[in-house]
Amino acid sequence: MLSTYFLCLLVGLSAASDYAWKSGTEYQYQVRGRTLASLHQVDNQYAGVVLKAQFIVRPKGDGVLYGRLQDTQYAQVHAKLPGGWKSQIPESQLAYRPVQMSNKPFEIIMKNGTVQELIVDKAIPNWEANIIKSVISQIQVDVQGENMIKSRYNQPAERDSNSYSAEFKTMEDTVTGKCETLYDIDELPEYILQSEPQLAPLPHLKADGEFIDVMKEGNKQLYACRNVTARANYLDRYNFDIKYENVSPFARNLTYKLYSYARHAGFAYFHEDAFQGHGKANQINIQAEFEPDFQSVNVSIESQKMQTEFNDIRVNKWAKALFAVHPVFNVYERVAGVAQAEVFNPTCVIDQNRVDTFDNKSYPIDLGKTWHVQMHYRVHNAARQEEDGQDNGDRFNSEDDFDYVVLVRDSGNKQKDVKITINDEKNYYEIDMIPASGSSHSGSQPAGQVLINQQPIKFDDKQSYDVEDDLIQVYALPNGDVKVEINGDFYVIYDGERVKLTATEPEQFRGEIRGLCGTFDGEEYTDFLTPRNCVLRNPYEFAASYAILDGSSQGPAKERQARAKQAACYTPEVEGSSSCSKQQTQYVEEDNGQTLCFTVRPLPVCRSGCQASKKIVKNVEVHCVQKSNVSQLWKNQIEKGASPDFSLKPVTKSIKIKVAQSCHA
């Protein structure tokens with residue numbers, strides 16, 4: 001089955017508000033769009049269409065624009081795209097044909113950068129009107145928050161002498177109706193313009209101002225696309241050749257009984273042609289083909305003497321999960337997906353220049369050749385034993401905690417390096433993933449090389465490389481992507497340019513991770529939580545706060561990390577049913593008050609005047625010190641409502657603390 005991708009029309013527009021359009025001026029824009037499909041987990045072969053057109057705009061004044069699409073053309077695409085659906089397709093490979101459009105003008109009513117109304121001729125067909133809507137939606141640039149909706153995200157624009165940035169949610173009209181849209185507005189730094197000049201194709205229009213990057217993203221669009229693509233990648237066509245010889249009478253009789261039962265049970269779908277078979281001697285061919293929506297399946301059975309068909313057999317969701325193969329998810333994961341209403345495991349993706357966190361926040365990055373923490377998680381073995389009712393055997397010492405760390409950096413040529421470490425002080429594994437040479441990859445020629453503790457390993461799509469009873473499992477997918485599974489807790493899929501990290505045991509990670517993938521606590525607004533336990537606004541500074549600087553570091557991370565340490569940073573609060581909850585550092589007294597242990601991370605607590613509805617016991621990392629004037633001062637600050645930062649202090653141990661799960665007035 002084909003993976004579907006949404007139509008993305010890219011229009012170079014700069015209408016920040018109504019007054020940006022000058023009356024008496026004609027604006028001409030080149031529209032480019034594409035809709036492509038591919039079973040991308042198996043092959044890089046894509047099929048679809050590319051669209052191009054001229055978009056003419058003439059402002060009338062008072063927020064009214066006259067528009068027209070002309071010279072609209074399309075070309076079919078059947079090509080291998082090693083870089084995915086966004087790969088450049090040379091114009092010489094595209095045979096454009098005209099789209100028979102009316103080219104009739106239409107009227108656009110604008111207000112503060114948003115489209116209030118679109119008026120088209122009654123004779124224009126719906127398909128043409130939808131193309132117009134797709135283009136018009138691109139000229140909406142609601143930098144003033146005209147359609148802003150209530151959200152914890154909202155940080156309206158604040159212009160000062162140093163920068164211009166904002167982030168907020170709006171509700172906008174699109175070709176598919178009203179959609180929640182996230183705006184992310186930032187000045188484009190000069191070094192990004194130098195490395196990606198295509199972001200400003202007309203630099204002479206800058207004048208004395210600065211380039212402003214306005215990114216619009218539909219609500220959880222990347223998350224939805226992941227789920228749609230995952231569902232689309234189910235294999236829908238199967239072919240089996242069964243060869244036999246010297247079959248015993250018992251087996252023949254059993255086979256005929258099974259066939260008779262299938263014929264009886266499926267009589268409403270059954271058609272048989274005796275003596276019309278065209279198969280080979282001593283061979284049975286079985287073919288099954290699901291409909292695109294997997295609501296039904298057609299099955300044909302052919303032997304040398306007979307042909308049988310079962311047409312339009314209805315398929316329920318459990319049968320689909322059991323019998324429809326997926327290149328990534330096994331039977332257990334597919335059945336679990338159905339049980340959870342096909343909500344697939346949470347994923348964090350680092351693309352060439354963007355991150356999509358576990359909580360579906362998307363933001364821009366520019367890592368440079370500097371390691372950044374994609375995810376850091378400290379595993380508490382004792383806690384896992386209590387939850388599982390068993391220990392983990394000899395894999396790790398059950399009395400020790402151990403860390404999962406996933407690092408990523410740019411390696412040049414739009415490619416990335418990945419490093420995964422597993423460490424419990426007695427056992428240490430370091431997994432390096434680097435791009436493989438060449439531009440064509442497959443299951444037998446993976447897109448990445450893998451080294452474990454500096455030693456190269458061999459693997460492909462037929463043979464995996466295992467360490468310590470599947471603690472680490474490495475193998476290639478049919479399309480050449482490399483998949484590394486870690487202890488059944490998470491896996492990484494790597495194609496040399498992108499890193500997809502998926503939590504297969506999501507509950508143990510919720511609220512317990514840090515890094516570029518966010519906090520995974522269900523709240524997008526906390527994803528920019530830094531090692532200082534406070535939230536930054538600037539995505540580049542946030543990313544740099546997780547940079548690991550050393551003598552080999554290259555790129556902007558060092559400068560940004562310095563800026564991040566000086567930037568305004570606020571402490572997130574967990575909102576309860578009546579705003580009764582907040583996050584605060586806690587302490588525990590031991591040894592009759594002679595030792596004070598402070599939590600390394602803030603914990604949910606109830607505000608003054610509120611009480612806990614429910615408490616749960618959690619294993620929490622603490623930093624312990626002997627009682628002194630300084631430690632007593634920290635204790636007093638916490639009792640007065642402050643939250644001292646212990647994130648950079650060494651972890652002494654983990655202890656059990658009762659934590660408020662919910663609060664009420």
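Biologist: Where is serine 134 found?
Modeller: In this predicted model, serine 134 belongs to helix α1, which covers residues 126–136.

Biologist: Is serine 134 buried or exposed?
Modeller: Serine 134 is buried, because its relative accessible area is 13% and the cut-off for buried is under 20%.

Biologist: What separates the C-alpha atoms of serine 134 and glycine 33?
Modeller: A distance of 9.9 Å separates those two C-alpha atoms, although serine 134 and glycine 33 are 101 residues apart along the chain.

Biologist: Turning to the sheets, what is the strand order in the open sheet of five strands?
Modeller: The order is β12-β14-β15-β16-β13, and the pairing is antiparallel.

Biologist: Which strands stand at the edges?
Modeller: The edges are β12 (237–243) and β13 (270–274). Each has a single partner strand, so one side of each has no neighbour in the sheet.

Biologist: And what does the twist average from one strand to the next?
Modeller: The twist averages 10°.

Biologist: How many bridges pair β12 with β14?
Modeller: Seven bridges pair β12 with β14 (residues 283–290), in the antiparallel sense. Within β14, glutamate 289 is the residue opposite arginine 237.

Biologist: What about β4 and β5; how do they pair?
Modeller: Strand β4 (residues 45–61) and strand β5 (residues 64–80) are antiparallel and pair over 15 bridges. Leucine 65 in β5 has proline 59 opposite to it.

Biologist: Which residue takes a positive phi in that hairpin?
Modeller: Aspartate 62 does, with a phi near 55°. The hairpin of β4 and β5 has two residues between the strands.

Biologist: Now glutamate 512. Where does it lie?
Modeller: Glutamate 512 lies in a loop, with α8 (506–509) on one side and β31 (513–514) on the other.

Biologist: Buried or exposed, for a loop residue like glutamate 512?
Modeller: Glutamate 512 counts as buried because its relative accessibility is 18%, and the limit for that class is under 20%.

Biologist: Which residues does glutamate 512 touch?
Modeller: Leaving aside residues up to four places away in sequence, glutamate 512 touches His376, Tyr377, Thr519, Arg601 and Lys618. With lysine 618 there is also a polar contact of 2.9 Å between the side chains.

Biologist: And glutamate 639, where is its place and how is it classed?
Modeller: Glutamate 639 is in helix α11, residues 629–639. It counts as partly exposed, because its relative accessibility is 49% and exposed would require over 50%.

Biologist: Stepping back, how many helices and strands does the chain have?
Modeller: The chain has 11 helices and 37 strands. Of its 665 residues, 45% are buried.

Biologist: What share of the contacts comes from residues 24 or more positions apart?
Modeller: Such residues account for 60% of the contacts in the chain with a separation of 6 or more.

Biologist: Last topic, the confidence. What pLDDT does the chain average?
Modeller: The average pLDDT is 78, and 80% of the residues score at least 70.

Biologist: Where does pLDDT stay under 50?
Modeller: One such stretch is residues 381–399, for which the model has 33 contacts beyond four places in sequence. Another is residues 574–578, with eight contacts beyond four places in sequence.

Conventions. Residues are numbered from 1 along each chain as its sequence is written. Side-chain values use heavy atoms; hydrogens and water are left out. Helices (H or I, at least four residues) and strands (E, at least two) are DSSP runs, numbered from the N terminus. Buried means under 20% relative accessible area, exposed over 50%, partly exposed in between (1.4 Å probe, protein chains only). Two strands pair if DSSP finds at least two bridges between them. Axes are lines fitted to C-alpha atoms, for helices over the stretch in contact, and angles run from 0 to 180 degrees between N-to-C directions. Contact means heavy atoms within 4.5 Å. pLDDT is the predictor's confidence in each residue, from 0 to 100. A polar contact is a pair of N or O atoms within 3.5 Å; within protein, one must be able to donate a hydrogen and the other to accept it, and residues adjacent in sequence count only if both atoms are side-chain atoms.
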